[in-house]
Amino acid sequence: ARIGKGLGLDQADHEFIGMAYFSADGTKILLDQYQDCLKLNQEPFQEALSFVIRGWTQERFSFNGDYYSANELSIVPKPLQKPHPPVYVASNSYETFEIVGQLGHNILVTPFIISNQGVSKGLDSYRQSLKNAGHSTDQANTVVNLPVHVNEKSNSARNDIQPSLLN
């Protein structure tokens, strides 16, 4: 199962320079509002994640958070993995790398979105945050998403994919 709840705005930081961005609900967000939006999304994301994990690990549970609540809820069927399925969080901003490390979850990254240097810096922060929070770096998994397009000729492959890359 895939459960999605945004921590960031699913756009790379550099894409916000000098332009507005419209969030999924149609709200116009300007560059100077970007950091505030990241902060606004962090708490609901962490609460949603806590809600889901509690549902996976407890037979019945009640939850009364700032964003989500439930009374005497039971999630069935329960996952086979114990204590719960592995959690992977997409991390394409520096702030998110650190948060995911603090939470001790696995991480998904896309160098195409934040550059190879951004991934390297972010993963250093992720690993340090894991250690600082008492989580094992040996148990944490990193998944790197690298889009690939294959064609008989390299020029054709580049020309085929270029419009998507420049979008």
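## Salt bridges

The side chains of Glu72 and Arg60 meet in a salt bridge with an N to O distance of 3.4 Å, where a salt bridge is taken as a side-chain nitrogen of Lys or Arg within 4 Å of a carboxyl oxygen of Asp or Glu. Because Glu72 lies in strand S4 (residues 69-73) and Arg60 in the loop between helix H1 (31-57) and strand S3 (61-64), the pair ties together parts that are 12 residues apart in sequence; helices (H or I, at least four residues) and strands (E, at least two) are DSSP runs, numbered from the N terminus. Arg60 is partly exposed, at a relative accessible area of 47%, on a scale where buried means under 20%, exposed over 50% and partly exposed in between (1.4 Å probe, protein chains only).

The structure holds 2 salt bridges, and another pairing of this kind joins Arg127 and Asp124 at 3.9 Å, N to O. These residues are 3 residues apart in helix H3 (residues 111-132), a separation of about one helical turn. Arg127 is partly exposed at 37% relative accessibility, and Asp124 is partly exposed as well, with a value of 48%.

## Basis of the model

This is a predicted model, in which local features need pLDDT of at least 70 and side-chain atom pairs count only at pLDDT 80 or more, while totals for chains, interfaces and linings use all residues. Residues are numbered from 1 along each chain as its sequence is written, and side-chain values use heavy atoms, with hydrogens and water left out.

## Aromatic cluster

Ring pairs link Phe51, Phe61, Phe63 and Tyr68 into a cluster, and the structure holds 3 aromatic pairs. Phe51 and Phe61 form an edge-to-face pair, with 5.4 Å centre to centre and 75 degrees between the planes; rings of Phe, Tyr and Trp (its six-membered ring) pair if their centres lie within 6.5 Å, and planes under 30 degrees apart count as stacked, over 60 as edge-to-face and the rest as tilted. Since Phe51 lies in helix H1 and Phe61 in strand S3, the pair ties together parts that are 10 residues apart in sequence. Both Phe51 and Phe61 are buried.

Phe51 also forms a tilted pair with Tyr68, at 6.5 Å centre to centre and 45 degrees between the planes. Tyr68 is in the loop between S3 and S4, so this pair ties helix H1 to a part that is 17 residues apart in sequence. Phe51 is buried at 18% relative accessibility, whereas Tyr68, at 29%, counts as partly exposed.

## Parallel sheet and its helices

An open sheet of 3 strands has the order S5-S6-S7 with parallel pairing, two strands being paired if DSSP finds at least two bridges between them. Its edge strands are S5 (88-90) and S7 (142-144), each of which pairs on one side only. Neighbouring strands of this sheet are turned by 25 degrees against each other on average, direction ignored. Strand S6 (residues 106-109) pairs with S7 in the parallel sense over 3 bridges, and Ile107 stands opposite Thr142 in S7.

Helix H2 (residues 94-103) lies across S5 and S6 and runs at about 160 degrees to S6, while H3 lies across S6 and S7 at about 155 degrees to S6; axes are lines fitted to C-alpha atoms, for helices over the stretch in contact, and angles run from 0 to 180 degrees between N-to-C directions. In the loop between S6 and H3 is Thr110, which is buried at a relative accessible area of 11%. Leaving aside neighbours within four places in sequence, Thr110 is in contact (heavy atoms within 4.5 Å) with Asn92, Val119 and Asn145.
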